[in-house]
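Q: I have a structure open that I have not seen before. Can you walk me through it?

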Amino acid sequence: MNKALLANDRDTFRDDEPPERDVAVSASAIATTAAAGSPAGLVPVLAFSGIAVAVMQTLLVPVIADLPRLLDTTPSNAAWVITATLLSSAAATPVLGRLGDLYGKRRLVLVSLGLMVLGSLISGFTSDLVPMIVGRAVQGFALGVIPLGIGIIRDELPRERHGSAMALMSSSIGVGGAMAIPLAALIAQNLDWHWLFFGAAALGAVAMAAIIAVVPESAQRTPGRFDLIGAAGLTLGLVALLLPVSKGADWGWGSATTLGLFAATVVIFLLWGRFELRVKDPLLNLRTASGRQVLLTNLAAITTGLAFYAVTLVLPQLLQLPESTGYGMGMSMISTGVCAASMGLAMMIASPLAARLSAARGPKVTLMTGLVLLAVGYLAGTALLGAVWQIVLVAILAGSGVGAAYSAMPALILGAVDPSASGAANGLNTLMRAIGTALSSAVVGVVLASTAQRVGSTEVPTLEGFRISFLIAAGAALLGIVLAAFLPGRKSS
């Protein structure tokens, strides 16, 4: 790597405008170096690692209803097993991205995977609530692998391969989440449920071995120091935001706790933003993040995450509800998982096609195409809920849409930030997706609970609730289309 060139890039980069000139020069230098010796198998290994860590999102979907019994606790307490992973992953992604920029992305990928293995083993060897929550929180740090992997791809591969490789890496978060459902269902139905965690630990260990064997450490480094106060402030703000989002239905949306945390979120982020604008080496460069391309892409990431997670929540319940409800399909856990896998397969197929579309028409067009597919899928889904094939069709449309949208986002982000900030920038984008899924979980949960009907001794979601959830997801996708329409039309690889 030409150190003088990179130093010149940093000197000429300005915080108050998109660094298009610097990105072009630096990307050219990186591509020249990478083309000389790109390691074979780098992209498959990174994609496998991304899929492995994304498994954490849906690992416990098949046993969610049984968690209170399995952990001998209340449903409200058992919900923390899911919430803990959400909170830790949201806070970890931008922090690990920044650490990767400073100290090496491969090193931080290995740290993230190591934490996944550790957390999985903690949860695998316990049936008590507190250590289970601790293990799940540690697992959540693994999600930092995805933005770090995107940064490695930019550093190590020639420019002409960026589009397809980044598309696959970005889509791995959805692919892993969808593909985990049938595998987790198979394990949960035939083995002790703790094997879910032992399987996750094995996946993490295999991914670590593959990273060590194949992926080189990037020479790209960001000068400066880690912003510890900024990281603490961001973590505190995210906890204050995501706690009431995920627990508001249990606490009451108008309760003092919920409203107090939302108010605290505003205060914390205002103070945090002021600090980040003044510190020499901020965790996140807010001037760059507030630029039109980065800001609109991140806002679109929230709407995409919100739309994506709706089908993940609705599909398993609709397929497994008894036929006596008049709309449930009465399918087994494993059969439901196989149907859910269609969404992951659609994402996997869509990502390389999306990369070709981005190369031909630009990532803005790809993002809008994905969001259109999402909106069409959910709007059609309000009427197509009467047969298994119809539900699978909705899942395929949604999966294709998410695969295309997620594939376009790294190109849009990296086309507007300096290469030395690629890890933190992609970490922020992954964070926005996580916030979208958290909002989706909260909103869809409220809708399904408020429209539920009693069947025997239990309350079950109604067809009306499913349709309202799909309409909300379609609305989120349509909002994303509007946001994406204001993105610059410049092509980016």
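A: What follows goes from the overall build to the core, the charged residues and the surface. Keep in mind that this is a predicted model.

Q: OK, how many helices and strands does the protein chain have?

A: The secondary structure of the protein chain comes to 20 helices and 2 strands.

Q: And what share of the residues is buried?

A: Of the 493 residues in the protein chain, 58% count as buried. The accessible surface of the chain comes to about 18,700 Å², and carbon and sulfur atoms hold 67% of that surface.

Q: What share of the contacts is between residues 24 or more positions apart?

A: Taking contacts in the protein chain with a separation of 6 or more, 81% are between residues 24 or more positions apart.

Q: How many residues are in the largest nonpolar core, and which have the most contacts inside it?

A: The largest nonpolar core has 132 residues, and Leu 367 and Tyr 378 have the most contacts inside it. Helix 15, residues 292-320, gives the largest share of this core, with 14 residues. In soluble globular proteins, nonpolar side chains tend to be buried together.

Q: What is Leu 367 in contact with?

A: Setting aside neighbours within four places in sequence, Leu 367 is in contact with Ala 300, Ala 405, Ala 408, Met 409, Leu 412, Ala 484 and Leu 487.

Q: Switching to charges. How many salt bridges are there?

A: The structure holds 2 salt bridges. Asp 101, Lys 105 and Asp 155 are linked in a network of them.

Q: How far apart are the closest N and O atoms where Lys 105 pairs with Asp 101?

A: They are 3.7 Å apart in the salt bridge between Lys 105 and Asp 101. In the salt bridge between Asp 155 and Lys 105, the closest N and O atoms are 2.9 Å apart. Asp 155 lies in helix 9 (residues 145-156) and Lys 105 in helix 7 (residues 105-124), so this pair ties together parts that are 50 residues apart in sequence.

Q: Are those residues buried or exposed?

A: Lys 105 is buried, with a relative accessible area of 1%. Asp 101 also counts as buried, because its relative accessibility is 0%. Asp 155 is buried as well.

Q: Which side chain of opposite charge is nearest to Asp 227?

A: That is Arg 98, 7.3 Å away. Asp 227 is buried yet has no salt bridge. A salt bridge needs the nitrogen and the carboxyl oxygen within 4 Å.

Q: Where is Asp 227, and what does it touch?

A: Asp 227 is in the loop between helix 11 (195-214) and helix 12 (228-251). Not counting residues up to four places away in sequence, Asp 227 touches Phe 275, Glu 276, Val 279, Asp 281, Pro 282 and Leu 283.

Q: What about phi at Asp 72?

A: Asp 72 has a positive phi of about 50°, although it is not a glycine. Most residues other than glycine have a negative phi. Asp 72 is found in the loop between helix 4 (67-70) and helix 5 (75-78).

Q: Is Asp 72 buried or exposed?

A: Asp 72 counts as exposed, because its relative accessibility is 72%.

Q: Last topic: which residues form a nonpolar patch on the surface?

A: Leu 168, Leu 345 and Met 348 form one, with about 230 Å² of accessible area together. Leu 345 lies in helix 16, residues 333-361.

Methods
Residues are numbered from 1 along each chain as its sequence is written. This is a predicted model: local features need pLDDT of at least 70, side-chain atom pairs count only at pLDDT 80 or more; totals for chains, interfaces and linings use all residues. Side-chain values use heavy atoms; hydrogens and water are left out. Patches are made of residues with over 30% relative accessible area and no salt bridge: like charges are joined within 9 Å, nonpolar side chains (Val, Leu, Ile, Met, Phe, Trp, Tyr) within 5 Å. Accessible areas come from the Shrake-Rupley method with a 1.4 Å probe; for residues, only the protein chains shown count as cover. Helices (H or I, at least four residues) and strands (E, at least two) are DSSP runs, numbered from the N terminus. A nonpolar core is a set of buried Ala, Val, Leu, Ile, Met, Phe, Trp, Tyr and Cys residues joined through side-chain atoms within 4.5 Å. Buried means under 20% relative accessible area, exposed over 50%, partly exposed in between (1.4 Å probe, protein chains only). Contact means heavy atoms within 4.5 Å. Lys and Arg count as positive and Asp and Glu as negative; His and the chain ends are not counted.
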